[in-house]
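Subject: Structure handover and notes

Dear colleague,

Here is the structure I promised to pass on to you. Please look through it before reading my notes, which follow below.

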Amino acid sequence: MSAPQTGDGSARPDAREARGASALPVATGVPVRGRRWKRGELNPAFRIVASIVIPTFRFSSNYHWVGPNRLPADGAFVLAPNHFTNIDPLVVGTAVYLSRRAPRFLAKASLFKVPVFGGLMSGMGQIPVERSGRTRLSDPLGGGRSLIEQGGAIIVYPEGTLTRDPDLWPMRGKTGAVRIALENDVPLIPMAHWGTQGIMARYSKKLRLFPRSRVDVIVGDPVDLSAYRGRPVDQQTLIEATEVLMQRITELLEQLRGERAPATRWDPAANNQKETGKFE
């Protein structure tokens, strides 16, 4: 088993275990033994991509499922993970796939223009979003709603891009994940993972597949949005509920890292940083 990683990918002591977080149940292998795919949930595009991605990340990653919670076996929900490396979607997608749910993301529209790859993205039902925040339907969240209405699950990174926090803690969130959950009255499930930086450092394009990296994954209870349901889904409501979501994700990551996050969440605007693109 490889050691946990610091923000720059170097080894560090297992602080999580040192602080007693190991009292939470930890499972390896698949997250839910015996769970099967529902008939028709995987189409040919998913099967092609999975035949490459899943063996690669099961070879390079030693997944540890921390805590008792697992993703629902059926029904619609919004999954909101933290985001700190470019390889996160494949690592999180693998975790969702191993839970026998089809991973679907809001993804940059430019990816859909890549030959072959773009066709597979479309075939899997991934949802294109322009950098300006608009989709082909002139609604950045319309595709997510359509999927939710079909009983599917959608992965939305509430930070919108890789965190700018220098120590890889969750930064200020955007409101898309909360908006989809509130407008469609579905569970909003926070998730945190740690160790991905051992496979690919932030903004790197180089994969490190060996030795295997430990990747801890923890799924939280659905965020309690009862205080916001029934209210107008306006900007104030979305901002308040998004801060609740970001706090839950941060708390989950604290459990994995065995550390306390900064008291003030990182805000790119307050630190003269662009919202998108590489900044280091």
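How many helices and strands does the secondary structure of the protein come to? The count is seven helices and eight strands, and please keep in mind throughout that this is a predicted model. Of the 280 residues of the protein, 50% count as buried, and among the contacts between residues at least 6 apart in sequence, 77% join residues at least 24 apart.

Confidence

The pLDDT averages 86 over the protein, with 86% of the residues scoring at least 70. Confidence is highest in strand S7 (residues 188-194), at a mean of 98, and lowest in helix H1 (residues 15-18), where the mean is 44. Over residues 1-20 the pLDDT is below 50, although in the model this stretch has 46 contacts beyond near neighbours in sequence. The pLDDT also stays under 50 over residues 133-138, a stretch with nine contacts beyond four places in sequence.

Strand S2 (residues 61-66) is mostly covered, since six of its six residues are buried. In a regular strand the side chains alternate between the two faces of the sheet. In S2 both faces are covered, with Ser-61, Tyr-63 and Trp-65 buried on one side and Asn-62, His-64 and Val-66 buried on the other. Strand S1 (residues 26-28) runs antiparallel to S2 and is joined to it by three bridges, and within this pairing Thr-28 has His-64 as its bridge partner. Strand S8 (residues 213-219), by contrast, runs parallel to S2 and is joined to it by six bridges, with Val-215 of S8 standing opposite Tyr-63.

Aromatic rings and a charge

A search of the whole structure finds four aromatic pairs. One of them is formed by Tyr-63 and Trp-65, and it counts as stacked because the ring centres are 5.3 Å apart and the planes lie at 10°. Tyr-63 counts as buried because its relative accessibility is 4%, and Trp-65 likewise counts as buried at 4%.

Which rings does the charged end of Arg-257 sit over? It sits over the ring of Trp-169, 3.9 Å from its centre, and also over the ring of Trp-194, 4.1 Å from its centre.

Helix H7

Helix H7 (residues 235-257) has 23 residues and reaches 32 Å from its first C-alpha to its last, which is close to the 33 Å expected at 1.5 Å a residue. The helix is followed by Gly-258, whose phi is positive, near 65°.

Phe-46 is found in helix H2 (residues 44-60) and, at 3% relative accessibility, counts as buried. Not counting residues up to four places away in sequence, Phe-46 touches Ala-102, Pro-103, Arg-104, Met-124 and Gln-126. Phe-46 and Gly-123 are 77 residues apart in sequence, yet their C-alpha atoms are 7.6 Å apart in space.

Thr-161 is found in the loop between strand S6 (153-155) and helix H6 (176-184). Is Thr-161 buried or exposed? Thr-161 is buried, because its relative accessible area is 10% and the cut-off for buried is under 20%. Leaving aside neighbours within four places in sequence, Thr-161 is in contact with His-83, Met-171 and Glu-275. Thr-161 and Asn-82 are 79 residues apart in sequence and 9.6 Å apart in space, C-alpha to C-alpha.

Backbone details to check

The peptide bond from Phe-210 to Pro-211 is cis, with omega near 0°, and Pro-211 is found in the loop between S7 and S8. Tyr-203 has its place in the loop between S7 and S8 as well; although Tyr-203 is not a glycine, it has a positive phi of about 70°, and at 14% relative accessibility it counts as buried. Asp-185, in the loop between H6 and S7, is likewise not a glycine and has a positive phi of about 55°, but at 56% relative accessibility Asp-185 counts as exposed.

With best wishes

Definitions and conventions: Residues numbered from 1 in each chain as written. Predicted model: local features only at pLDDT ≥ 70, side-chain atom pairs only at ≥ 80, totals over all residues. Heavy atoms only, no water. pLDDT = per-residue confidence, 0-100. Helix = DSSP H or I, 4+ residues; strand = E, 2+ residues; numbered from the N terminus. Contact = heavy atoms within 4.5 Å. Expected span 1.5 Å × (residues − 1). Phe/Tyr/Trp six-rings, centres within 6.5 Å; stacked < 30°, edge-to-face > 60°. Buried < 20%, exposed > 50% of the residue type's maximum accessible area, 1.4 Å probe, protein only. Lys NZ or Arg CZ within 6 Å of the ring centre and 35° of its normal. Pairing = 2+ DSSP bridges.
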